[in-house]
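Student: I have a protein to look at for class. Could you walk me through it?
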Amino acid sequence: MCSTSAEFEVDASGGVRLRCLVPPELAGKRLDAGLTKLLRNHTRWRVQRFVRAGRVVVNGSVAGPRHRLRPGDLLDVSVPEPPDGWYEPEPGPLTVLFEDEHLLAVDKPTGMTVHPTGSRQSGTLLNRVQAYLDRDGVRGVLRPGVVHRLDASTSGVIVLAKTHLAHATLTRSFERREVRKTYLAVVEGEVAGPGGVIDKPIGRSPCGKTLLRSCAADAIDAKPAATRYRVLRRYAGRTALLCRPRTGRNHQIRVHLASLGHPLVGEPFYRADGTLAERDGERPAGRLGLHARSIAFTHPVDGRPLRVVAPVPTDPEFVWGL
């Protein structure tokens, strides 16, 4: 048994059995609170039912609801009921770039929303990832945790957490700006010079649409934002750039590049003159010229340096010029 991960299996009755050693980060927590971190698709109320029904065994003995967890305790839990809330699994192509027991990194295709929201509860990346995680027959036990996002129209690498510890630790790394991301961008026009830094605060656009952002003087609740860029190639009235955002504001690269007078190829919202296009929805009509090329960070559990790279897109309708 691995001390850093949980083992799940389907029992004879069709329920799920969880066996694991209590990790250090759950030390001192009540049994129900700790199990909720391990069974991330089950509510605490549902977990409390398992405990009261005597379905939780700690170190060979049935544990009561007031039991406090200690590092190294052996948990054996019978989970007879399906998860309370999970992403409906939808099988489909999935390009896995990295995977271990804590993390999953995939290459998100352009045009695909990351997670269900509002009336859109299907056809998203997380629906497809849930099907991938359920491939061993244990449905809905592992829950992909989002620690950063990509616009639906942006392709490239995205990292998802499988465990509570990985999710919490990696989220803190993003908040502390310890994660380094690079993007390939193709913009309209020929960008002057070898590159530079765009250092302009970004806030909500005063147009009234909460999705859209602005770095103009009238932006609402503007926060510091900086993007370093380097020219890779100029061709056919376009420029290919390598971009490294220092901050992670919504639509940051899109807004910053448009503010230079060079919006992304296929950009549906942000114009070169600083105005906003009158267009509803998130997805552009064609390919957006933005691709998350790589992400580098410290592994949230074992501490090793990781760098995950997504291949350059080969969309036949889009010329990257690289």
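The conversation below goes through this predicted model.

Student: To start, how many helices and strands are there in the protein?

Tutor: The protein contains five helices and 18 strands.

Student: And how much of it counts as buried?

Tutor: Of its 322 residues, 47% count as buried. The protein exposes about 15,200 Å², and carbon and sulfur atoms supply 49% of that area.

Student: Let's turn to the open sheet of three strands. What is its order?

Tutor: The order is β13-β12-β14, and the pairing is antiparallel.

Student: Which strands stand at the edges?

Tutor: Those are β13 (213–214) and β14 (220–223). Each has a single partner strand, so one side of each is left without a neighbour in the sheet.

Student: How many bridges join β12 and β13?

Tutor: Strand β12, residues 202–204, pairs with β13 over two bridges. Arg 204 has Arg 213 in β13 as its bridge partner.

Student: New topic: how much space lies in the largest pocket?

Tutor: The largest pocket holds about 1,300 Å³ of space. It is lined by 40 residues, and those closest to its centre are Arg 149, Leu 150, Lys 181, Gly 248 and Arg 249.

Student: Which element gives the largest share of that lining?

Tutor: Strand β10 does, with four residues. Elements that each supply at least two residues include α4 (164–175), α5 (252–259) and β17 (290–298).

Student: What is the lining like by class?

Tutor: The lining of the largest pocket has 13 nonpolar, 13 polar and 14 charged residues.

Key
Residues numbered from 1 in each chain as written. Predicted model: local features only at pLDDT ≥ 70, side-chain atom pairs only at ≥ 80, totals over all residues. Heavy atoms only, no water. Pairing = 2+ DSSP bridges. 1 Å grid on protein atoms, 1.4 Å probe; cavity = no way out; pocket = protein on both sides within 12 Å on 5 of 7 lines; lining within 4 Å. Points joined across faces, edges and corners; volume = space filled by probe spheres on them. Nonpolar A, V, L, I, M, F, W, Y, C, P; charged D, E, K, R; others polar. Buried < 20%, exposed > 50% of the residue type's maximum accessible area, 1.4 Å probe, protein only. Areas by Shrake-Rupley, 256 points an atom, 1.4 Å probe, with all protein chains shown as cover.
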